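Here are a few exercises to work through with the model open beside you. Try each one yourself before you read the solution.

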Amino acid sequence: MFRKNRDFTLLWSAGAGSALGVHIGLVSYPLIALELTGSSTQAGLLGSLALLVQSAIRLPAGALVDRWDRRNVMIACDTVRIVLAAGLGVSALLGSLTFWVLMAAVALSSACEVVFQPAETAALRRVVPADALPRAVAANEARGHAAAIVGQSLGGTLLGLGKALPFLGQSMGFLVSLFATLLVRTEMRGHGKSEFLLREIAEGVRWTWRQRTLRVILLSGIGINLAFAALTFGVVVMARSEGASAGEIGLIFGMGSVGGMLGAVLATQIVHRWPPSRIILGVFWTNSALIGPMILYPNVHVMGVLLACMLFMTPSANAVLIGFQVAVTPDRLQGRVISSMRLIISLGAPLGPGFAGLLAESSGASVALLATNGVMLLVAVGSTCSRTMRQLRPQQT
């Protein structure tokens, strides 16, 4: 059905171009910073700055997306990012690129990304019927995984050929996004200014938290994000304690990415055939069941296959939950609710690595993974006991 939906195809293409540009930068920017400064600490500051900027403006970005024309927001974000990438490319060619210029560009580009995301997601409501939203989000999930694999590989390859080339690659990705968005015909006008910005932000957060189903999704999401962040770190520590090399640890996560990609490709079929509650609860229980074998058989290939199995159903779960949120949220609140949910769900993630690291140092990697399994199991049990989660249904027009 999506091949016949011109504006969805264009929005999908815009998101693909944007994601490609972002992932090229995720790999190449820290490497360029390391080359410019020779300091891994300063290179690491780029990632920290990007996360800080995104966290700081996520809620205001959602409110502004609801005020403004969402198509124009996407166009503005792409235009700024094209100019930034082109300017950095020229600086690299002239030999005048500095670390602080790169830092400023990362801050501004991250701000554009965090505004672009809710605008694009909110636009789905205008071009796709409510009952097709989970499949539309599933198609976007596949797009995101593909962009991550291609973009991260391309970022390293382009940098190996020349310092200015990753910026050129980014510019091309953002140009694709810009032209696709310009061709969208569906009306994307926002709802204008109604109150002070802080009051609009508060309205979005309150509305999100008052919806019982969204509240249950948020609480489960906080727990599962904490557990996954802890799991990622715990797998690294466990593999290293078993003598795995850096390349072998990379192989574990590469295998996991393949599982996620395959799941994303099949997600549109899965969400069409399986009840939403079965998908969500299946993901939680599968994750809980697969950490134990990682502890018992800490072999690189076994851990990689288990991680791939865990990530296989994640795109389908995301499609169900995001599709549900977009379907039930009034159009005037889309940007604020999307931003509120992303911010709240991400609250647990920063605690995960510290939690796993503390346990690994004091009691060993096996105990860290066992505790992570406990968090996963708690989420699975709590979600299963929740009538709201068990009765989750697709939304109809």
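**Exercise 1. A pair of neighbours**

Is Asp 7 buried or exposed? Work that out, then look at its charged partner.

Solution. This is a predicted model, so treat every value below as computed from it.
- Step 1: Asp 7 has a relative accessible area of 9%. The cut-off for buried is under 20%, so Asp 7 is buried.
- Step 2: Now find the partner. Arg 6 makes a salt bridge with Asp 7, and their closest N and O atoms sit 3.1 Å apart.
- Step 3: Check the cover on Arg 6. Its relative accessible area is 34%, so Arg 6 is partly exposed.

**Exercise 2. Follow the charges from Glu 203**

Which salt bridge does Glu 203 form with a side chain in a loop?

Solution. 
- Step 1: Glu 203 and Arg 332 meet in a salt bridge, 2.8 Å from N to O. The pair links distant parts of the chain, 129 residues apart: Glu 203 belongs to helix 7 (residues 197–210), and Arg 332 to the loop between helix 12 (314–328) and helix 13 (334–345).
- Step 2: Compare their cover. Glu 203 has 17% relative accessibility and counts as buried, while Arg 332, at 37%, counts as partly exposed.
- Step 3: Look for another partner. Arg 336 also forms a salt bridge with Glu 203, with 3.0 Å between the closest N and O atoms. Arg 336 is in helix 13 and Glu 203 in helix 7, so this pair ties together parts 133 residues apart in sequence. Arg 336 is buried, with a relative accessible area of 5%.
- Step 4: Widen the view. Salt bridges with shared partners join Asp 66, Arg 70, Arg 126, Glu 203, Asp 331, Arg 332 and Arg 336 into one network. The structure holds 12 salt bridges.

**Exercise 3. An arginine without a partner**

How far from Arg 58 is the nearest side chain of opposite charge?

Solution. 
- Step 1: Glu 113 is the nearest side chain of opposite charge, 7.1 Å away.
- Step 2: Apply the cut-off. A salt bridge needs the atoms within 4 Å, and Arg 58, though buried, has no salt bridge.
- Step 3: See what does touch it. Beyond neighbours within four places in sequence, Arg 58 contacts Val 114, Gln 117, Ser 339, Arg 342 and Leu 343.

**Exercise 4. A serine and a helix**

What does Ser 383 touch, and how many residues does helix 8 have?

Solution. 
- Step 1: Ser 383 is in helix 15 (residues 365–385) and, at 1% relative accessibility, counts as buried.
- Step 2: Leaving out residues up to four places away in sequence, Ser 383 touches Ser 220, Leu 281, Phe 284, Met 389 and Arg 390.
- Step 3: Helix 8 (residues 212–241) has 30 residues and reaches 43 Å from first C-alpha to last, close to the expected 44 Å.
- Step 4: Just after helix 8, Gly 243 takes a positive phi of about 90°.

Key
Residues are numbered from 1 along each chain as its sequence is written. This is a predicted model: local features need pLDDT of at least 70, side-chain atom pairs count only at pLDDT 80 or more; totals for chains, interfaces and linings use all residues. Side-chain values use heavy atoms; hydrogens and water are left out. Buried means under 20% relative accessible area, exposed over 50%, partly exposed in between (1.4 Å probe, protein chains only). Lys and Arg count as positive and Asp and Glu as negative; His and the chain ends are not counted. Contact means heavy atoms within 4.5 Å. Helices (H or I, at least four residues) and strands (E, at least two) are DSSP runs, numbered from the N terminus. The expected span of a helix is 1.5 Å times one less than its number of residues.
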